[in-house]
Protein chains: 2
Amino acid sequence: MSHVRAGSYRDLVSGANRRFMDAFKRQHAADLAALYTTDGQLLPAHSDVVSGRPAIEKFWQAVMTAGIAEVLLETSEADGASDQAWEVGSYTLKSQDGTTADRGKYVVIWQRAGDTWQLHRDIWTTSLPA
Amino acid sequence: MSHVRAGSYRDLVSGANRRFMDAFKRQHAADLAALYTTDGQLLPAHSDVVSGRPAIEKFWQAVMTAGIAEVLLETSEADGASDQAWEVGSYTLKSQDGTTADRGKYVVIWQRAGDTWQLHRDIWTTSLPA
């Protein structure tokens, strides 16, 4: 685990975010859900809390089916201690024709599971006008 | 600081949230802003990031002026390590006539400043339909 201790939290979540973007680009909601802890939660707007991998998979599948082809994530800051980390970043959702469908910012609480970091709590808000 | 180490993170943020609710009920946006770190940030929907106490005060003042009389916060979970903590909770905004103007969930990243805990990153999403 020395590579984990050596890396900054920013590097650690960046690696996990690359897997997130890749799974989304492959439109593979199950792979995406597997990046969350087994008791992971999404906290989306206009929705109750979405809890657990099966519900998370269903949520992201619906986003893909609605025409979102790609998610771009950019970490603004990340910090943590021991097995937990928090990250603030910005996101962009791309439609199949390459246009920006949404953009905003997010906070993710990360939890370490062995050698990997998993999304534990995931909340985001659009920066587009109402 | 032994009382800080002795308390659970849940207790620590509950105390800070009581001060938040109290300042809001007194409609005192400056007291509310003072509960954030000097480089604190709000990440509201339909808005860019709101950074620093003067901007945070202005944001909450606008919410008060729009007719929100009270904010109720309920912690669902809180955890942390050393000088940082994260919290997930639910909120209710009450109008002056006592009706619920909004309700949803939030994530706050807390930072310890001496004996007190301050809100460092604050993001929330409505649970009401779009």
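**A tour of the interface between chain A and chain B**

Begin with both chains shown, where 20 residue pairs, both members at pLDDT 80 or more, are in polar contact across the interface of chain A and chain B, a polar contact being a pair of N or O atoms within 3.5 Å, of which, within protein, one must be able to donate a hydrogen and the other to accept it, while residues adjacent in sequence count only if both atoms are side-chain atoms. This is a predicted model, in which local features need pLDDT of at least 70, side-chain atom pairs count only at pLDDT 80 or more, and totals for chains, interfaces and linings use all residues. Residues are numbered from 1 along each chain as its sequence is written, chains are lettered from A in the order in which they are written, and side-chain values use heavy atoms, with hydrogens and water left out.

Next, select Glu77(A) and Arg121(B), whose side chains meet in a salt bridge at 2.5 Å, N to O; the rule, a side-chain nitrogen of Lys or Arg within 4 Å of a carboxyl oxygen of Asp or Glu, finds two salt bridges across this interface.

Now widen the selection to the 29 residues of chain A that are in contact with 29 residues of chain B, where contact means heavy atoms within 4.5 Å. The two chains bury about 2,200 Å² between them, 65% of it on carbon and sulfur atoms, and this buried area is the accessible area (1.4 Å probe) that two parts lose on being put together, summed over both. In chain A, pick out His46(A), Trp86(A) and Lys105(A), which lose the most area to chain B, together 24% of what that side buries.
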